[in-house]
Amino acid sequence: VIHRLPMPNLKDELHSSGWSAGCTCFDSITTKRNKLILPCFISSRIYVVDVGSQCRAPKLCKMIEPVDVFWKCNKGYLNVPRSLPNGDILIANVGDPSGNAKGGFIVLDGETFELKGNWENECETPPSGYDFWYQPRHNVLISSAGFALKCAGYGFDPDDLKRGVYGRRLNVWNLSCRTLTQCFDLGEDSLPLSVKFLHNPDAAEGYVSCALSGVVYRFYKCEANNWTVEEVIRIPPKEVTGWIMPKMPAFTVDLIISTDDRYLYLSNWLHGDIRQYELSKTCKPRLVGQVFVGGSILRGGPVAVCRDEELKCQPEPLVVKCKRVYGGPCKMQLSLDGKRLYVTNSFYSTWDKQFYPNMVKEGSVMLQIDVDTEKGGLTVNKNFLVDFGKEPNGPCLAHEIHFACGDSTS
């Protein structure tokens, strides 16, 4: 640890982050990633952190208060930020100021970081939102669903599965007109979260992972500028005892694609594994690597697996540098050469306390997974561990990861 930047407020829930300018900007040759945008999942506050003036000593340079977001945009519970082709910053929101589910986006000025207002037309606001990605050459933006924070924010309740708390739609937008053009219903309680296009700027296809159903869909462009979806990966639930439900879903929180578009990676927060799929046939991803780094079904834990379509026995607990790793793999980040996959294990503080209390008590970790980029394969690097339980004001819960020089998600 070379520097710490304490935030001025408590209970913000720094969930997602992004650069003020990424490789998607039209002037990316001259653009530097010198500002990090940190929207807050719970408080709806927005921080702008200067990482350019002194790269080894980031400092807070601007803060937008929640009341401004509430009054100007009627939005709240902010999530993923990404830079737009014109240099402005688009931030997806999960709800309204009252915590009801509400999709859509707010916009920050790319130079002054002033709040400009809503991005989409008011009549186009989807019922829920979470993540998004876009392809300028195809004039399209794809966004996923989320959940109602005033319900799911207090923890996972199986009864909510029948109450419409969890989203089920994949939304297709006209990027230049900012209008909603298509919607796909991915099934009851599918909860599509992570959305990624292939990195090839000419590619008109990508993937979305559905957390509760364990399904990954491929979306792609077909005739007459219409889009369609197809199921390409399904991770079956595990029949268990000693858990909150008789069947434990995969809960695939994160999905990333290597910058050469060769491999797709999935983090399975509840089961505890990271999966690597080869994409030579984008319509048929092939599983080539898998490694367990925690999870809820470890041997010796409170959960017993009664029926498993994939494993013959429950995985062993993971110990790295004499530390037992609790929690499951959540957010990932892949190096530009595709050989180092980093992972943290905190999803959302309230859910962490519910499913992984030992992780909350001892702090989360960041692990390095070594990747075989030739034949496929994943291995935990036993010489690398960032222990956030040792933080001075910890234990802390780590989530998003970014590289200043560029990464697979910026």
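Predicted model: local features only at pLDDT ≥ 70, side-chain atom pairs only at ≥ 80, totals over all residues.
Figure 1. The peptide bond that runs from Gly-394 to Pro-395 is cis, and its omega is near 5 degrees.

**Figure 2. Phe-113 in the loop between β7 (105-108) and β8 (115-118)**. The phi angle of Phe-113 is near 65 degrees, which is a positive value in a residue other than glycine. Most residues other than glycine have a negative phi. Phe-113 has a relative accessible area of 8% and is therefore buried, the cut-off for that class being under 20%.

**Figure 3. Asp-189 in the loop between β12 (179-185) and β13 (192-197)**. A positive phi is also found at Asp-189, a residue other than glycine, where the angle is near 55 degrees. Because its relative accessibility is 13%, Asp-189 counts as buried.

**Figure 4. The largest nonpolar core and another core apart from it**. The largest nonpolar core holds 34 residues, and the members that touch the most other members are Phe-147, Tyr-166, Phe-251, Trp-269, Phe-347 and Trp-351. Another core, of 20 residues, lies apart from the largest one, and its members include Ile-274, Val-291, Val-320 and Val-325.

**Figure 5. The protein chain as the setting for the close-up views.** The protein chain has four helices and 30 strands, and its C-alpha trace spans about 55 × 55 × 45 Å along the principal axes. For 410 residues, a compact globule would have a radius of gyration near 22 Å, so the 20 Å of the protein chain agrees with that expectation. Buried residues account for 58% of the 410 residues. Of the contacts between residues at least 6 apart in sequence, 55% join residues at least 24 apart.

**Figure 6. Surface and charged side chains of the protein chain.** The protein chain exposes about 17300 Å², of which carbon and sulfur atoms supply 49%. Its side chains include 46 positive and 46 negative ones, and the centres of these two sets lie 3 Å apart.

Key. Residues numbered from 1 in each chain as written. Heavy atoms only, no water. Core = buried A, V, L, I, M, F, W, Y, C linked by side-chain atoms within 4.5 Å. Buried < 20%, exposed > 50% of the residue type's maximum accessible area, 1.4 Å probe, protein only. Helix = DSSP H or I, 4+ residues; strand = E, 2+ residues; numbered from the N terminus. Rg over C-alpha atoms; globule rule 2.2 N^0.38 Å. Contact = heavy atoms within 4.5 Å. Areas by Shrake-Rupley, 256 points an atom, 1.4 Å probe, with all protein chains shown as cover. Lys, Arg positive; Asp, Glu negative; His and termini not counted. Charge placed at Lys NZ, Arg CZ, Asp CG, Glu CD.
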